[in-house]
Amino acid sequence: MSEAELVLFLEASVRLGVPLALAAMGEAITERAGVINVGLEGSMIAGALAGALGALAFGSGGAGVLAGAVAGGGVALVFAAFAIGLGTDQIITGTAITLAGLGFTGAVYQARFGATGTALTLPTLAPAPVPLLADVPIVGSALFAQAPTAYLAYALAPALWYWLFRTEWGLELRAVGDHPDAAAAAGVRVRRVRALATVFGGALAGIAGAHLALAHAGTFAENMSAGRGFIAIAVVALGRWNPALVFLAALFFGAASALQYLLQALGLDLPYQLFLALPYLLTLAALAGWFGRARAPAALAVPWPLRR
Amino acid sequence: MARPEQRRIDLGALSVAAGAVVAAGGVGALLLLAGGYEPLGAARAALAGAFGSTEALLSITLVRTVPLVLTGLAVAFAFRAGVWNIGAEGQLLAGAIAAAWVGLAGRALPSWVLVPVLLVLAGCAGALWALIPALMKLRLGVGEVITTLLMSFVAIHLTGWLVHGPLQEPRGIFPQTEAIAEAARLPALVPGTRLHAGAFIAIAAAVAVAWLFVRARIGFRMRAVGASSSAARIAGRIDTGPIVLVAFMGSGALAGLAGGVQVAGVTYALYEGFSPGWGYTAIAVALLAALNPLGVLATALLFGALEAGAAAMQRDAGVPAVWAMAVQALVILAVLALDRLRRRGGGGAARV
């Protein structure tokens, strides 16, 4: 394997890992508050469409990312209204939100651009090499010649870790996810914290979706999130609900997806579909191996206040 | 939360279901208006497409209803025991793969052997696909929401590989298998239509699951575990592990059977993109029926008609068919919200 191939592999790992990292770090915060949002996929696809439309309307990729965040957060707000406001079952509500997201984005896209699915030409989110750092051999161009959303993910990993484990607010959030009754007795507004954490997670998933549309594909396609929202939820468990570890787990998943480039470069002739299935198999294996020792937030997926 | 006796007809659940359909229809119509479509024209096109003729009813609506009944039962079976199997899609594909393989490999066998073997192996394949998440939950404590979903993606790519590789039709052009043996196919129910004997299998399965839930001891235990796992273990002295395993396997088998019936009754082949998402629609089907197996027959018909109607709506009124997916989601949300509000008002007891 040559150095060029290694760089290609690392670069692809990061590129494929970044949208997962963004969505999964957001979901980690949501889950730490005791809410599992299976509607993340819906936030992501909404973010992808809004990112594309926003970039078209304002002629800039940055505006697209903002639009993606708003759309993703908005979808999560609907989830929160049902699951936190009404106390409906989180998993079923999330599944419905995902279906709604996939259905409505498809309908809006077809209504706007026709059923034939013409490829959009969008103002994309071009790679923005960081001066000096991008010149470091091998790792530099893999890590620091990415789209700006990648740098957001790099910054969020330590920031969210610090916020969650070293600040008063982070403590409150974790209390809400572990012992909501105790947190409420201590004066924490449990449902408000849960709603905010959910919307935050949705906004990050929306940014991840915008990244897919603007930095990855350069267009919007129906169902383009392709299950990444669900994988992000697996990545959260893989990273043990710790934002920094979740970030690394997302990169691991990205690397598993990028293996196809590496193995092709090595001249191994394996079926293409095996590579497509590999990340899911590796995630299953990783969950089986690590999950036993990790502990989910105690009140995860339990509505609060408990009624009947 | 578990009631000792289950009433035959739950009026509360029925009113929730009716209210949910009306609410989802209303919101869907408003959204159509907002999208610049004409809701009445769209509704007329949809109704005509689903029920307008014998051909529409038998060849389109009912044919689409059959896999939804079986997958809907699969979801209800698992949810009843509190097992969140949202991977019916993958288990259905596993069943379809097994069915296609039997239908291709068993060319020498007579029909009375081949069809039962095909259906049984399809069910076994679905159960096997559900066994992995079941063992991960029971032995390792990994939540089934994630694992059943991941297994669905694996099944999708496994199907893709098989129809591009080992099971591809001999000319090697299309990503699909050769047509299965004539003897492996389910007979048509009404000559000249596409309605097949799988409709009877679906009805029989619904009756069987209903009997199991109401009359059999395992059905009661599943309800008890679903209502409260710890209460069932401590107060009811129920060993929850085997019950959870039964819920997974039964659910997987029903979904696998759905895939087998679809291959043997409709498509006669396996191909890429085999399922248009039956495993997910099944969740709406099961919930709207309040997990009642006989109710699933009715709600599956409703969603079968919705899908048939959506296709007609796209053709005749220019409304994108993906609206149907959004309407399904609205139905689920409406059921959840109404059920919640009903209980807050002090009505019936918790079930879902």
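Over which residues of chain B does pLDDT stay under 50, and how many contacts beyond four places in sequence does the model have for them? The stretch is residues 1–7 of chain B, for which the model has nine such contacts, where pLDDT is the predictor's confidence in each residue, from 0 to 100, and two residues are in contact if their C-beta atoms, placed from the backbone, lie within 7 Å. This is a predicted model, in which local features need pLDDT of at least 70 and side-chain atom pairs count only at pLDDT 80 or more, while totals for chains, interfaces and linings use all residues. Residues are numbered from 1 along each chain as its sequence is written, and chains are lettered from A and ligands numbered from 1 in the order in which they are written.

**Confidence**

- The model scores ipTM 0.86 and pTM 0.88, and chain B averages a pLDDT of 88, with 95% of the residues scoring at least 70.
- Within chain B, confidence is lowest in helix α9 (residues 229–234), at a mean of 78, and highest in helix α4 (residues 88–105), at 97; helices here (H or I, at least four residues), like strands (E, at least two), are DSSP runs numbered from the N terminus.
- Residues 347–352 of chain B also have a pLDDT that stays under 50, and for these the model has 17 contacts beyond four places in sequence.

**Where chain B touches chain A**

- The contact between the chains involves 39 residues of chain B and 40 residues of chain A.
- On the side of chain B that touches chain A, the elements giving two or more residues are α5 (111–140), α6 (144–164), α11 (278–288) and α13 (323–344) of chain B.
- The residues on this side of chain B divide into 29 nonpolar, eight polar and two charged, where Ala, Val, Leu, Ile, Met, Phe, Trp, Tyr, Cys and Pro count as nonpolar, Asp, Glu, Lys and Arg as charged, and the others, Gly among them, as polar.

- Helix α5(B) has 30 residues and reaches 43 Å from its first C-alpha to its last, close to the 44 Å expected at 1.5 Å a residue; the expected span is 1.5 Å times one less than the number of residues.
- A kink of about 30 degrees lies in α5(B) at L131(B), shortly before the proline P133(B), the bend at a residue being the angle between axes fitted to the seven residues ending there and the seven starting there.
- After α5(B) comes G141(B), whose phi is positive, near 70 degrees.
- Helix α6(B), with 21 residues, reaches 30 Å from its first C-alpha to its last, close to the 30 Å expected at 1.5 Å a residue.
- Helix α6(B) is mostly covered, since 19 of its 21 residues are buried; a residue is buried if 20 or more other C-beta atoms lie within 10 Å of its own, exposed if 12 or fewer, and partly exposed in between, with C-beta atoms placed from the backbone.

**Packing of α7 against α12 in chain B**

- The axes of helix α7 (residues 198–215) and helix α12 (residues 293–317) of chain B come within 7 Å and cross at roughly 145 degrees; axes are lines fitted to C-alpha atoms, for helices over the stretch in contact, and angles run from 0 to 180 degrees between N-to-C directions.
- From α7(B), I203(B), A206(B), V209(B), A210(B) and F213(B) meet P293(B), L294(B), V296(B) and L297(B) in α12(B).
- The residues of this contact divide into nine nonpolar, no polar and no charged.

**Two buried leucines**

- L22(A), in helix α1 (residues 3–32) of chain A, is buried because 30 other C-beta atoms lie within 10 Å.
- Not counting residues up to four places away in sequence, L22(A) touches T149(A), A153(A), L204(A), I207(A), A208(A) and H211(A).
- L288(B), in helix α11 of chain B, is buried because 29 other C-beta atoms lie within 10 Å.
- Leaving aside neighbours within four places in sequence, L288(B) is in contact with A17(B), A20(B), T299(B), V331(B) and V335(B).

**Backbone features of chain A**

- The peptide bond from W304(A) to P305(A) is cis, with omega near -5 degrees, and P305(A) is found in the segment after α12 (272–290) of chain A.
- L132(A), in the loop between α4 (90–113) and α5 (139–144) of chain A, has a positive phi of about 70 degrees although it is not a glycine, and L132(A) counts as exposed because it has 9 C-beta neighbours inside 10 Å.
- N223(A), in the loop between α9 (190–217) and α10 (228–238) of chain A, has a positive phi near 60 degrees and is a residue other than glycine; N223(A) counts as partly exposed because it has 14 C-beta neighbours inside 10 Å.
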